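Keep the structure open while you read.

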Amino acid sequence: MRMLYARMQGKIYRVSDQPLKGIWDFGAHETSKEWDYWKESERKLAKDESFFIKASFEDLKDYNLVICDDTPHINTLNKDILKKIQKIKESKAVLFVRMEEEGKIKLYFQAIRKGYFIKKKFISFSNMAHIEDKPIILIENRTDVYWSQETGKFYFKNIEDLERVLPHFFENKVQEAKQRIQAIKDDTSYQYLHLELDLKEIKSTIPKKSWPE
């Protein structure tokens, strides 16, 4: 049985251990042709193609409790938490599932996009229909981002989805670049090099790409 988790506001929550068969199937990224995002970011992807970015365990630190096996320290998502997140319009939330095959971990992520948090009255059926008024998160049969421990790669089609999974990843890359540039500016062996560059003006931005047709 696969545990469904959610990452919201920088925290990991257990969501459900109900079977996901027929709700969310996995594996599409594992058969797609892959392209290195850093080299091919302008490529328009076909349906059977995806980008990849190498990621270390340090990049996955927010998911450490899940990667190192589920622990009692993970909170359980409840109605009160969901109501709170709806009020602050959480935009970096994802659902994800952890699998393990032959000792290697795989993570499958689905972005919770704008409008996927719903607060509606609806009719629910058990032995008898009754009206409920609860916050809802939509689950689709879609994998937006996939990580494989065996390859050490994230696979994705839309860079914005990867930013939801790793919200600090690109900002960290910018900080690394700033440090390298500052080292060059401070290196006295570059005495004839003058960089008219304000490091404060370098910010983290990513190209916005649309889904393939």
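How many residues lie between β10 and β11 in the hairpin they form? There are 4, and Gly152 in that turn has a positive phi of about 70°. Bear in mind that this is a predicted model.

Let's stay with β10 for a moment, which covers residues 145-148. Val145 and Trp147 point one way from the strand, while Tyr146 and Ser148 point the other way. Despite facing opposite ways, all four are buried.

With β11 (residues 153-156), β10 runs antiparallel and is joined by 4 bridges. The pairing with β7 (residues 104-111) is also antiparallel, over 4 bridges. Moving one strand along, β4 (residues 49-54) is joined to β11 by 4 bridges, and that pair runs antiparallel as well.

If you want to find these pairings on screen, here is one facing residue pair for each:

| Strand pair | Bridges | Facing residues |
|---|---|---|
| β7 and β10 | 4 bridges | Lys106 and Ser148 |
| β10 and β11 | 4 bridges | Val145 and Phe156 |
| β4 and β11 | 4 bridges | Phe52 and Tyr155 |

Now zoom out to the whole sheet. As a general point, strands of a sheet pair through backbone hydrogen bonds, either parallel or antiparallel.

Thr143 sits in the loop between β9 and β10. Is Thr143 buried or exposed? Its relative accessibility is 16%, so Thr143 counts as buried, the cut-off being under 20%. The side chain of Thr143 also makes a polar contact of 3.1 Å with the side chain of Trp24.

Finally, the largest pocket. The space in it comes to about 460 Å³. Its lining is made up of 18 residues, and Leu4, Val15, Ser16, Ile137 and Ile139 lie nearest the centre. Which elements supply at least two lining residues each? These are β2 (11-16), α3 (79-87) and β9 (130-137), with β9 giving the largest share at 4 residues. Sorted by class, the lining has 12 nonpolar, 4 polar and 2 charged residues.

Terms used: Residues are numbered from 1 along each chain as its sequence is written. This is a predicted model: local features need pLDDT of at least 70, side-chain atom pairs count only at pLDDT 80 or more; totals for chains, interfaces and linings use all residues. Side-chain values use heavy atoms; hydrogens and water are left out. Buried means under 20% relative accessible area, exposed over 50%, partly exposed in between (1.4 Å probe, protein chains only). Two strands pair if DSSP finds at least two bridges between them. On a 1 Å grid over the protein atoms alone, a cavity is a set of points where a 1.4 Å probe fits but cannot get out, and a pocket is an open set with protein on both sides within 12 Å along at least five of seven lines; lining residues have an atom within 4 Å of a point. Grid points are joined across faces, edges and corners, and a volume is the space filled by probe spheres set on the points. Ala, Val, Leu, Ile, Met, Phe, Trp, Tyr, Cys and Pro count as nonpolar, Asp, Glu, Lys and Arg as charged, and the others, Gly among them, as polar. A polar contact is a pair of N or O atoms within 3.5 Å; within protein, one must be able to donate a hydrogen and the other to accept it, and residues adjacent in sequence count only if both atoms are side-chain atoms.
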